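Dear colleague,

Please find below the structure I am handing over to you, with its sequence. My notes on it come directly after.

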Amino acid sequence: MPLVNGGKITDDRFVKLAVDTPLPEGGDILVPAERFLGEAEGLLKRAGKVGVIWPNNRDIAELVPYLGQIAAVALVFPTFRDGRAYSQARLLRERYNYRGELRATGQVLRDQFVFMLRAGFDAFEVKKQADAEAFMQTAKRYSVFYQPTGDGRITALHRRMQLRHSEGVGT
Amino acid sequence: MTSPLEQKKIRIAGPSVVTANRTWDGIVVYRTAANSWSAELSEAAIVRNSDEAKALLAEAVADDVGAIGPYIAPVQIGDDGKVQPGNLREQIRRTGVTIGQPAQV
Amino acid sequence: MYAYDEIDRTLVNERVSEFRDQVKRRLSGELTEDEFKILRLQNGVYLQLHAYMFRVAIPYGTLATNQMRALAHVARKYDRGYGHFTTRQNIQFNWIKLAELPDALEDLAKVGIHAMQTSGNNMRNVTSDQWAGVAPGEIEDPRIWSELIRQHTTLHPEFSFLPRKFKIAITASDHDRAAIKIHDIGLRLIKNEKGETGFEVLVGGGLGRTPFIAKTIKHFVHGRDILSYIEAILRVYNQYGRRDNIYKARIKILVHELGIEKFSREVEDEWQHIRNSSLQIDEEVIEDIRSRFTYPVYEKLPHMPDELRQAAADPDFEAWRKNSVAPHKVQGYSIVTISLKPTGGPPGDATAEQMDALADLADKYSFGEIRVGHEQNLALPHVAKRDLPALWKALDKLGLATPNVNLITDIIACPGLDYCSLANARSIPIAQELTRRFANHELANLIGRLHINISGCINACGHHHVGHIGILGVEKNGEEVYQITIGGRADENAALGTLIGPGVKFDEVADVVEDIVEAYLALRERPEELFMDTVKRLGVEPFKERVYATR
C-alpha cells in the first residue's frame with residue numbers, strides 16, 4: 001500500500017506493531033492505541049519515533065497528554081463510508097493544535113483526498129497505486145471552499161468580502 | 001456492501017434467472033448461458049437448483065463492469081415454454097411502469 | 001432570486017469535472033460499483049428498477065425561468081420528456097443513462113443548478129417555505145439563511161460521510177409550509193426581544209421505519225451563531241450516531257437513545273468550543289448573500305382590479321382562484337399555486353412542454369420566478385391580480401389549473417414500485433384512482449382540506465405518517481397490502497397518524513378512503529370542522545368501525 005506524504009509517494013519510515021509484537025530495538029514505530037496507552041512511558045523513552053494508531057470510536061481527547069511527544073497519529077477509515085476520523089482529525093489539528101504527522105489509514109481512495117486534506121491529514125496510506133499517483137492532480141481539483149477549517153484555505157464567504165472591499169477601494 | 005454471494009444462503013423455490021441493470025445505461029438485463037447479458041428475458045439462463053443459481057450469480061457478480069447489483073429472481077415457465085417474470089416487481093422491471101407516463105398521456 | 005457568482009459557478013464546474021472523471025473510471029472498471037456507489041449518490045444518482053434515477057436540487061424551492069428551461073431540456077434530451085418534483089424541493093428524472101450524466105450535469109451547471117448531495121449520507125438539499133419572501137406576516141426571507149447553510153453544507157470536509165442522510169428545513173412564518181418538524185434539523189426563524197434574528201432549533205425529526213417529531217433543542221440561537229451551532233450538532237452526530245444498523249443511524253435515533261437533555265448537553269459542550277471561531281457570521285456576510293437575492297420592483301396596484309371583478313362571473317375561474325390563489329405581502333399581487341395533481345395523473349410529474357410553458361408564463365406574469373413546494377406542486381410567487389384571469393386560461397390549456405390545492409386529490413405520493421427499487425408496493429396507481437374517485441370538484445370542496453400521503457414502503461418518502469390520511473404499501477405473501485393511518489399532520493402542529501386496523505388490498509384502498517371520508521362527513525359537527533379536527537375530537541374508533549364493519 002503506497003504512502004503519500006508531503007504530496008509525494010514515499011517510503012514508510014514507520015513499522016506497524018500489533019498489540020503483541022515484540023518491541024524492536026530501534027526505528028520508528030506505529031503502535032495501536034491500547035498498547036500505547038498501556039506502555040506509553042517505556043515506548044516514549046526508546047530511541048526512534050513513536051506514532052499511535054487511533055481507532056475512530058475512541059475519544060481522541062485521551063491522546064491529548066501525549067501529543068507533544070508523539071511523531072504521528074494514524075486515524076482509521078474502516079470503510080470510506082465511515083467518516084468519524086474526519087472529526088477526530090479536525091479536533092487534533094484545530095482544538096488540540098497537534099502539528100505532527102496525521103495519517104489516514106484504512107480504505108483511503110482518491111475521491112476522499114480533498115476532504116482529508118481540508119480536515120488536516122498530511123499523510124495517506126492509499127489503497128490503490130493509481131490513486132496514490134494521482135494525488136497531486138486530485139488535490140488541486142477544487143479551488144473553492146465554503147467552510148473554514150484548520151487548513152487555512154480561504155473560504156468563499158471571506159473571498160467575497162475581500163472582493164467587496166477591493167472593489168470598494170477602487171470606486 | 002457485502003457481496004450478494006455472502007448475503008445469505010441461496011435457496012430457490014423454482015425456476016429462476018439472474019438479473020441486474022446494465023452499467024452504462026441502467027437498463028434491465030438478464031444473465032445468459034453464454035456468459036453475457038441480454039435485455040430479453042427469453043434469452044436468460046434458467047437455473048433450477050441452488051448450486052446452479054449460485055454458479056450463475058457468481059459469474060454475474062464477477063462482471064462488475066458490465067452490470068450492477070445482480071440477484072436471483074423467480075420466473076414462471078408456461079406450458080408453451082415461455083418465460084415470464086415470477087412476481088410483480090419483476091413484471092414491472094420487464095414491462096415498465098403500470099401507469100401512463102405523462103409524456104404519453 | 002439568488003444569483004450565483006463566479007465563486008459558486010467555479011465550484012459547481014469543478015464538481016462536474018470531478019464526476020465526469022469518476023464516471024469514466026467506473027465505466028472503465030477502475031472503480032468498482034461498491035466504490036462508485038457512494039460517489040454517484042453524492043451526485044444524486046440512484047439505481048432504480050428500470051434505469052438510473054437522477055435527482056437535481058432546487059435549493060429552498062426557488063427556480064429562475066432559465067433554470068426551469070434547463071430542467072425541461074434535460075427531460076427532453078437525456079430522459080423521456082418529463083420529470084418528477086419530490087417532497088424535498090428536488091426534481092427527479094427516471095430514465096437517465098450513466099454515460100450521459102456528466103453532460104446533463106454540465107448543461108445544468110450553466111444555469112447554476114447542481115445535484116450535489118441530493119442523496120447519500122451527507123447533508124441534503126436545504127429546503128424552505130415555497131412562499132418565502134412573499135408570504136404575508138413572514139418575519140424575514142428565510143432563503144438568505146437557507147443559502148448561507150446551503151453553502152456551508154456543500155462538500156463539507158468533515159460531514160460528507162455521516163452515519164446517514166441529514167436534512168435541514170427552515171421556515172419564517174407561523175404556518176409551517178416547510179415541514180420542519182419532520183427534519184433532522186428544523187429551524188424556525190424568530191426575533192429575540194432586541195429584535196435580532198435567530199432561530200428556534202429543533203432536532204431529531206424524521207419518518208421512515210421509526211418516525212419521530214423533532215424536539216426543540218434550543219429556543220434561541222442567534223443568527224450569527226447558527227453555523228457553529230449546526231456544526232456542533234453535526235459533530236456530535238458524526239461521532240456518536242450509530243453506524244451498525246442502517247435503520248438506527250439517523251440522528252433521531254441518537255437523540256431518542258440519549259434523550260434530548262443529554263444530547264443537547266453534548267451539543268452545548270461542543271458549541272462552546274467553536275462558537276467564537278471563524279464560523280461566526282458577521283452582518284456583512286449576511287448582507288453580501290442578501291444582496292445577491294433580487295426582488296421584483298412591484299407596481300402600485302389596486303386590491304381589486306377590474307379584470308378580476310369581470311372574471312368572477314366565470315365559475316370555473318372562481319373555483320380555481322378560491323382554491324389556488326393566496327394572498328401576497330404586496331397589495332395587488334398574489335401567490336399562485338400550480339397543481340401538479342391532475343385527475344388520473346402521477347402526483348408531481350411535469351412534462352418538458354409544461355416546464356417550458358410555465359417558464360414562459362413566469363416570465364410574463366411572475367417576474368421570471370417559479371417555486372417548488374414540498375407538497376409536490378409549483379407556485380408562481382408574484383402574480384399581479386389583474387393577470388390572474390389570463391394566467392388561469394393559459395394554465396388551463398396546459399392542464400395545470402386543476403383547482404385541488406390542499407384538497408383530497410392533492411395527494412403526496414412517492415414513486416413506489418413502478419419506479420423505485422426499495423418499494424414493496426405501488427403508490428402512483430393508488431393516487432391516480434383516488435383522484436378519479438374524488439374528481440368532482442364540488443365534492444372535494446365539500447370535504448375541505450384533507451391531505452392524503454402515500455408511501456410504497458417503510459422508508460416513507462410519501463410522508464404517510466403525517467398524512468391526514470396516510471397510506472403505506474407493504475408486501476405480504478407476494479401481494480401488495482396497504483396500511484391506513486389517520487390523524488397525522490406535517491405542519492406546525494405536526495403529529496403522527498394512528499393505524500386504523502389491518503391492511504387492505506390494492507383494489508380496496510380507494511373504497512376504504514371513501515368510507516373514511518363518508519364517516520367524516522357524517523361525523524363532523526359543522527362544515528367548517530376539518531377532517532383533522534374531527535379525528536382529533538373523536539379519535540380513530542368511529543372511522544375504524546365504519547371501515548371494518550363490512551370487511
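This is a predicted model: local features need pLDDT of at least 70, side-chain atom pairs count only at pLDDT 80 or more; totals for chains, interfaces and linings use all residues.

Domains of chain A

The domain assignment divides chain A into domain 1, residues 3-140, and domain 2, residues 144-171. Taken over C-alpha atoms, the centres of domain 1 of chain A and domain 2 of chain A are 31 Å apart. Seven residues of domain 1 of chain A and four residues of domain 2 of chain A take part in the contact. On the domain 1 side, helix H2 (84-95) and helix H3 (113-119) of chain A are the elements that contribute two or more residues. Sorted by class, that side of domain 1 of chain A comprises four charged, two nonpolar and one polar residues.

Helix H2 of chain A

The length of H2(A) agrees with expectation, because its twelve residues, at 1.5 Å a residue, should span 16 Å, and its end C-alpha atoms lie 16 Å apart. H2(A) is mostly covered, with nine of its twelve residues buried. Among these buried residues are Arg84(A) and Arg90(A), as well as Tyr86(A), Leu91(A) and Leu92(A). The cover over the buried residues of H2(A) includes strands S5 (50-54), S6 (72-77) and S7 (101-106) and helix H3 of chain A. Helix H6 (226-240) of chain C is also included in that cover. After H2(A) comes Asn97(A), which has a positive phi, near 55°.

Yours sincerely

Conventions:
Residues are numbered from 1 along each chain as its sequence is written. Chains are lettered from A and ligands numbered from 1 in the order in which they are written. Domain bounds come from an automatic or database domain assignment. Two residues are in contact if their C-beta atoms, placed from the backbone, lie within 7 Å. Helices (H or I, at least four residues) and strands (E, at least two) are DSSP runs, numbered from the N terminus. Ala, Val, Leu, Ile, Met, Phe, Trp, Tyr, Cys and Pro count as nonpolar, Asp, Glu, Lys and Arg as charged, and the others, Gly among them, as polar. The expected span of a helix is 1.5 Å times one less than its number of residues. A residue is buried if 20 or more other C-beta atoms lie within 10 Å of its own, exposed if 12 or fewer, and partly exposed in between; C-beta atoms are placed from the backbone.
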